[in-house]
Amino acid sequence: MKSVSVSVAYMPLVDAAPLIVAQEMGFAEAEGLALDLIPAPSWSSVRDMLAFGRVDVAHLLSVVPVAMALGLGGVSTALSAVSVLSVNGNAIGVSRALEANLRDIGYLFDFEDAHGAGAALATVAPQGLTIGVPFPFSMHIELIEIWREATPLRGIPLKIRTVPPPMMAQALAEGEIDAFCVGEPWGSMAVEGHVGALLLPGRAIWNFAPEKVLATRAEWAETEPHLLGRLIRSVWRASRWLADPASRTAAAELLGRPQWLDVPSEIVDRALTGKLAISPGGELRDVPAFLEFHNSAATFPWRSQGKWIAHRLALRSGLDVPAAMIRAADVFRSDQYRFALDGTGADMPGASEKVEGSLSSPMAVGSTRGEIVLGPDAFFDGRIFDPFEV
Amino acid sequence: MRTALTIVVVEEDRDRAIAIVDALKDEGENDVHVIGNMTGLARRIAAYSPDIVLIDIDHPTRDVIEELTLASGPLERPVAMFVSGAAGGLARAAVEAGVTAYVVDGLHPDRLKPVIDAAIARFQIMRQMRTELDETRRALEERKVIDRAKGLVMKARQVDEEEAYAILRRAAMDQGMRVAEVAQSLVTTAGLLR
């Protein structure tokens, strides 16, 4: 069978793995697809390539398509998130100077307790902090904001600045930023470069934060339902392969190659296993589900995730909240995802919306095949978001 | 007479920056600044309060400029992203041309067009020159590898240089490969046998 080529823009990050694996391990080919993976230099570039039709599919920050639906930022082409590509996977890190100050007050870098980390950081930086994030519309900013809202960090001046991830370590070394929130491999690269120490995994702030999505133009998804189905299925099978512990070594080796991320496979392995070296001194921390590609219905694009993002953006940008949530409700296309995976044996939750933040431990819920276990999705401060009540 | 525009060009490569500045100067008395150091980019740009920021679309710092275009950015006034405005065709062309421009809201596009056109043309020429330079460099590399492979063949088969090259060329034709590729595999393999 001759494969149909589909162009895909992506940023060279560990969480682009499902797309890279779909192409390299033959999951795309099995669906008659050839993914033409085009690395992009910036998130604006990924967005523009998708919006202007240079590519049909993109590895995109989960917040971007919602922001575009709300008319925030420059471009307003309607995009659809047809699957979630990854959940969690970011790390918050600090400069060596802050690391030293934190150790001086006896902070132990438990890499777990967001309350404790926020309190300690506010104590050593009363004059304020500048925190680098990859993009003005990103889960990184949401995590920092949630963290700030519920810890003593709210009492100090906090500036959030956009810094391209490959330049994060340098910006930290030059004192341009004091801390960062970034996806792998860039947190570990800062540790490797002896310029920073990791303070918290993103999931210490929110257990189940949708990080990257499989994005298409809404119009493309409507007019190419067959291609869309083949795309969603091949990426879903790639995520299942990634979730198998037996695949880890091969996945780390593959992703590290020069044509993909071009970093040592040992660094990639840290994100895949959740066993992270948090400081140049070599302290190790073990974070289960540090970066989740598949389990706990990780790929399911919950409509409530899109609404949660819209709710946050609307509050911060002064937009009408209920109107924003209505406009954003159809960005996360659980319907297209269900249609594509129907009959593949993929188990899917019975509902398409959930109360975000309500699970503090794994729970079985109704699914298309009986029961599916959802992982914890709690926020560290216990807040919940009910998409039906706002 | 039109008033001068303040234009900031973000470009690390000095020669490219000079070329762009020259192109912009040809369009009239514009106030052009070049930023070649990416440290603290947002702050540096804001210090000039530019009417236009020109940056290579392939540069990772585009996301930093993106932040400046948002209402709450350090420019402290609304900035429109030129490529996404009403001029949709231009947006696409700009994206494909490898140039993007961010323009302060309210600036008349007619004033801007020649500036942007010139910059686009200049970017394209510079990009083409860069591609050609890369190709030349690659050709030189291949030349070196072929010379080494020829040396290996001469030594192993006791032939002269011309005959050694003929042997490499025949092998390449037989295998449907380029001479440089055959030479490369020979050099790599010979390294293993040492």
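Two residues are in contact if their C-beta atoms, placed from the backbone, lie within 7 Å. By that definition, residues 24 or more positions apart account for 57% of the contacts in chain B that have a separation of 6 or more. The structure is a predicted model, in which local features need a pLDDT of at least 70 and side-chain atom pairs count only at pLDDT 80 or more, while totals for chains, interfaces and linings use all residues. Residues are numbered from 1 along each chain as its sequence is written, and chains are lettered from A and ligands numbered from 1 in the order in which they are written.

**The two chains**

- Chain A has 16 helices and 15 strands, where helices (H or I, at least four residues) and strands (E, at least two) are DSSP runs numbered from the N terminus.
- The radius of gyration of chain A, taken over C-alpha atoms, is 20 Å, close to the 21 Å that the globule rule (2.2 Å times the number of residues to the power 0.38) gives for 390 residues, so chain A is as compact as a globular protein of that length.
- Along the principal axes, the C-alpha atoms of chain A fill a box of roughly 65 × 45 × 40 Å.
- Of the 390 residues of chain A, 57% count as buried, a term that requires 20 or more other C-beta atoms within 10 Å of the residue's own, with C-beta atoms placed from the backbone (12 or fewer make a residue exposed, and counts in between make it partly exposed).
- Among contacts in chain A between residues at least 6 apart in sequence, 75% join residues at least 24 apart.
- Chain B contains seven helices and five strands, and from the N terminus on its elements run β-α-β-α-β-α-β-α-β-α-α-α.
- In chain B, buried residues make up 34% of the 194 residues.

**Domains of chain A**

- Chain A is divided into domain 1 (4-87 + 210-259 + 293-350) and domain 2 (90-208 + 273-288), with bounds that come from an automatic or database domain assignment.
- The C-alpha centres of domain 1 and domain 2 of chain A lie 26 Å apart, and 16 residues of domain 1 are in contact with 13 residues of domain 2.
- On the side of domain 1 of chain A that touches domain 2, helix H4 (residues 63-69) gives the most, with three residues.

**A five-stranded sheet in chain A**

- An open sheet of five strands in chain A has the order S7-S6-S8-S5-S9, with mixed pairing; two strands pair if DSSP finds at least two bridges between them.
- Strands S7 (158-162) and S9 (196-201) of chain A stand at the edges with a single partner strand each, so one side of each is left without a neighbour in the sheet.
- Strand S5 (residues 90-95) of chain A pairs with S9(A) in the antiparallel sense over five bridges, and S5(A) and S8(A) also pair in the antiparallel sense over five bridges.
- Within these pairings, Val94(A) stands opposite Ala197(A) in S9(A) and opposite Ala179(A) in S8(A), while Ser95(A) stands opposite Gly196(A) in S9(A).
- Six of the six residues of S5(A) are buried, so this strand is largely enclosed by the rest of the structure.

**Nonpolar cores**

- In soluble globular proteins, nonpolar side chains tend to be buried together.
- A nonpolar core is a set of buried Ala, Val, Leu, Ile, Met, Phe, Trp, Tyr and Cys residues joined through C-beta atoms within 7 Å.
- The largest nonpolar core has 142 residues, and those with the most contacts inside it are Val8(A), Ala58(A), Val66(A), Leu70(A), Ile131(A) and Met168(A).
- The largest share of this core, eight residues, comes from helix H11 (residues 225-243) of chain A, and the core draws at least three residues from each of domain 1 and domain 2 of chain A.
- A second, separate core of 18 residues includes Leu24(B), Ile35(B), Ile52(B) and Leu54(B).

**Backbone details in loops of chain A**

- The peptide bond from Glu184(A) to Pro185(A) is cis, with omega near 15 degrees, and Pro185(A) is found in the loop between strand S8 (179-183) and helix H9 (186-192).
- Phe111(A), in the loop between helix H5 (96-104) and helix H6 (114-124), has a phi near 60 degrees, a positive value in a residue other than glycine.
- With 22 C-beta neighbours inside 10 Å, Phe111(A) counts as buried.
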